[in-house]
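Subject: Structure for your review

Dear colleague,

Please find below the structure that I am handing over to you. I would be grateful if you could look through it alongside the notes that follow.

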Amino acid sequence: MKKLTRNQKSVAEKIEAGKAYSLREASELVKEITTTKFDASVDIDVRLGVDPRKANQMVRGVVSLPCGTGKVVRVLCLCTPDAEAAAKEAGADYVGLEEYIEKIKGGWTDVDVIITMPSCMGKIGPLGRILGPRGLMPNPKSGTVTMDVAKAVKEVKQGKIDFKVDKTGIVHASIGKVNFTPDQIFQNAKEFISTIIKLKPAAAKGTYIKSIFVSSTMSMGIKVDPKSVE
């Protein structure tokens, strides 16, 4: 049997097996059990009582995390010349259209989010085979296809993220960094879960929020009592 390291023993002592903690307790514990030497991400996994194979039970949305993500988000804004100045002022890292479309065709995808305008989608559509697998394809449902690109850029920079339930019925998201205070982690997690609750499909029957786990990069998951959030 593999021996536990000193750090693993310390972590195991702090987490009670099988116990479901309140969201606030979990927000404090996730910092205590993180032993990585780098600033790890804080992640949340919410298992839903839905069947993602059915269109009327798909859960997808966007949420603005009140305390941000703690990450540097690189934003490319593909827009018409008249919107370029506003996009740059809002904080977009790259702004343009034709030249970046050519760069993407050549394999360049060194960004985290791409925001564009409805009028530009005709040119961006053919890039789907490149952007789609990387989760970079702009989509009106995630707010990345909009007339107000400056506002969209600003929101993404401030902590707006999009999420989608996967084929197993779980929604995964990064909601901050371990260097956040417990209260910042709690606020972001609560806002994220509250948003998912508001998006409950009418066709979903039975228990909607089946389980919630909070963890950090390479840490064990902390089970959260769903009732502590509602």
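Predicted model: local features only at pLDDT ≥ 70, side-chain atom pairs only at ≥ 80, totals over all residues.

Residues are numbered from 1 along each chain as its sequence is written, and side-chain values use heavy atoms, without hydrogens or water.

A nonpolar core is a set of buried Ala, Val, Leu, Ile, Met, Phe, Trp, Tyr and Cys residues joined through side-chain atoms within 4.5 Å; buried means under 20% relative accessible area (1.4 Å probe, protein chains only). The largest such core has 38 residues, of which I44, L48, F192 and I196 touch the most other members. Elements that each supply at least two of its residues include β1 (41-48), α8 (182-198) and β8 (209-216). Helices (H or I, at least four residues) and strands (E, at least two) are DSSP runs, numbered from the N terminus. The largest share of this core, six residues, comes from α8. Another core, of 32 residues, lies apart from it, with A92, V95, M117 and I130 among its members.

Six of the eight residues of β8 are buried, so this strand is largely enclosed by the rest of the structure. Two strands pair if DSSP finds at least two bridges between them. Strands β1 and β8 run antiparallel, joined by seven bridges, and V42 stands opposite S216 in β8. Three bridges pair β8 with β9, also in the antiparallel sense, and here V214 stands opposite I222 in β9. These two strands, β8 and β9, form a hairpin with five residues between them, and M218 in the turn has a positive phi of about 70°.

With kind regards

Terms used. Buried < 20%, exposed > 50% of the residue type's maximum accessible area, 1.4 Å probe, protein only.
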